[in-house]
Every structure is written in structure tokens, then in C-alpha cells.
Amino acid sequence: MLQNLGLLGLFIGCALSATIVPFSSEPLLAGALLLDYNKWIVVLVATIGNTLGGMVSFLLGWLCKWEWIEKYLKIEQATLEKTHAKISRYGLCAGLFTWLPFVGDVIAISMGLIRLNPWMTCMLMFIGKLARYILVTGIINLF
């Protein structure tokens with residue numbers, strides 16, 4: 001369905017994949033590249049969408065209580081505490097790693113829980129996701 005929406009589908013899919021919705025955005029990126037869209041536009045659209053999704057996860061952490069996240073998002077307290085400890089150690093730089101599979105959402109939520117600066121979080125999240133999509137695009141272009 002998303003493939004029929006072109007770049008809008010890429011944006012929506014990348015945004016959703018950076019939330020608690022469990023799927024990967026790389027196949028969407030590959031599909032957009034195969035459709036001969038400009039690779040830099042594809043990378044930018046994917047990055048903006050994925051950053052928006054990451055900030056939604058950040059906002060969930062900002063607005064919710066630990067108990068709610070554990071109960072409704074099914075993220076265990078131990079996982080949150082472990083991630084929280086690492087984020088407290090590395091601070092805003094953790095935003096660079098919100099693109100990581102499985103733990104990226106937890107990182108974003110935890111950053112919101114401890115109320116890190118949203119503007120700096122967004123900027124570092126964008127940089128990390130941009131680097132990832134540039135790397136993935138380069139790898140896809142090898143084939």
C-alpha cells in the first residue's frame with residue numbers, strides 16, 4: 001500500500017518504523033531508490049520521516065509514566081532502567097543511536113522520560129538517522 005504513495009509513502013513508512021510499530025524502513029528506502037527517485041531526495045524524505053517518528057517516541061516518554069510504558073508498550077522496567085542509565089551517562093549523544101534496531105525506540109522513549117532537551121534531541125536524532133540512510137543508500141547502490 002505504501003509503495004503506491006511514492007515519496008509520501010516513504011515518509012509515512014519511515015515515520016511509523018521509528019515508533020513502536022515493528023517493521024524496518026530499509027525495504028521502503030530500497031523501493032524508492034529502485035523507482036529512480038533522486039537518491040538525495042529519498043534520503044532526505046526518509047530521514048525527516050524517521051526523525052519525526054523518533055520524536056513521537058520521545059514525546060511518549062516525555063508525557064507518560066514509567067508504569068504506563070511498561071504496561072501499554074510492553075517495554076520491561078529492567079530494559080528502561082538499563083537504557084536510562086546509559087542515556088544518563090552519554091546524555092544527548094544517545095540521540096545519534098535512535099536508528100538502532102530494537103533499542104532505538106527504547107532510547108528515544110528513555111530520552112523523553114528523563115526530559116532531555118527536545119531540540120537538541122531532534123537534531124542529534126536527525127544526524128544519526130541521516131548517516132544511517134546515506135550508508136544504506138550507498139550499500140544499495142553497490143548492487
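Trainee: Where does Glu 70 lie?
Mentor: Glu 70 lies in helix H4, which covers residues 66-72; helices here are DSSP runs of H or I with at least four residues, numbered from the N terminus. The model is predicted, so local features need pLDDT of at least 70 and side-chain atom pairs pLDDT 80 or more, while totals for chains, interfaces and linings use all residues. Residues are numbered from 1 along each chain as its sequence is written, and side-chain values use heavy atoms, with hydrogens and water left out.

Trainee: Why is Glu 70 called partly exposed?
Mentor: The relative accessible area of Glu 70 is 35%. Buried means under 20%, exposed means over 50%, and partly exposed is in between (1.4 Å probe, protein chains only). Glu 70, at 35%, is therefore partly exposed.

Trainee: What makes Glu 67, Glu 70, Glu 76 and Glu 81 a patch?
Mentor: These four gather on the surface as a patch of negative charge. A patch takes residues with over 30% relative accessible area and no salt bridge, joining like charges within 9 Å and nonpolar side chains (Val, Leu, Ile, Met, Phe, Trp, Tyr) within 5 Å. Glu counts as negative, and its charge is placed at CD. Glu 70, at 35%, passes the 30% limit.

Trainee: What is Tyr 72 called, buried or exposed?
Mentor: Tyr 72 is also in helix H4. The value for Tyr 72 is 57%, over the 50% limit, so Tyr 72 is exposed. In space, Tyr 72 and Gly 138 are 37 Å apart from C-alpha to C-alpha, and in sequence 66 residues apart.

Trainee: Which residues form the nonpolar patch on the surface?
Mentor: Leu 5, Leu 8, Ile 12, Leu 16, Val 21 and Phe 23 form that patch, and together they have about 450 Å² of accessible area. Leu 16 is found in helix H1, residues 7-17.

Trainee: How do you know on which side of H2 the buried residues are?
Mentor: In helix H2, residues 26-34, the buried residues are Leu 29, Ala 32 and Leu 33. They cover an arc of only 100° around the axis, so they are on the same side of H2. The arc is that of the directions from the helix axis to the C-beta atoms. The face turned away from the buried side carries the exposed residues Pro 27 and Leu 34.

Trainee: How many salt bridges are there, and what makes a pair count?
Mentor: The count is one salt bridge. The rule asks for a side-chain nitrogen of Lys or Arg within 4 Å of a carboxyl oxygen of Asp or Glu. The closest N and O atoms of Glu 26 and Arg 132 are 2.6 Å apart, so the pair counts. This pair links distant parts of the chain, with Glu 26 in helix H2 and Arg 132 in helix H7, 106 residues apart.

Trainee: What are Glu 26 and Arg 132 called by their accessibility?
Mentor: Glu 26, at 24% relative accessibility, counts as partly exposed. Arg 132, at 9%, counts as buried because this is under 20%.

Trainee: What is noted about phi of Asp 36?
Mentor: Most residues other than glycine have a negative phi. Phi of Asp 36 is near 65°, which is positive, and Asp 36 is not a glycine. Asp 36 is found in the loop between H2 and helix H3 (39-63), and at 69% relative accessibility it counts as exposed.

Trainee: Which value does phi of Arg 115 have?
Mentor: Arg 115, not a glycine either, has a positive phi of about 60°. Arg 115 sits in the loop between helix H6 (104-113) and helix H7 (118-142). At 44% relative accessibility, Arg 115 counts as partly exposed.

Trainee: Where is Phe 97 found, and how far is Phe 97 from Gly 128 in space?
Mentor: Phe 97 is found in the loop between H5 and H6. The two C-alpha atoms are 6.2 Å apart, although Phe 97 and Gly 128 are 31 residues apart in sequence. At 41% relative accessibility, Phe 97 counts as partly exposed.

Key
Accessible areas come from the Shrake-Rupley method with a 1.4 Å probe; for residues, only the protein chains shown count as cover. Helices (H or I, at least four residues) and strands (E, at least two) are DSSP runs, numbered from the N terminus.
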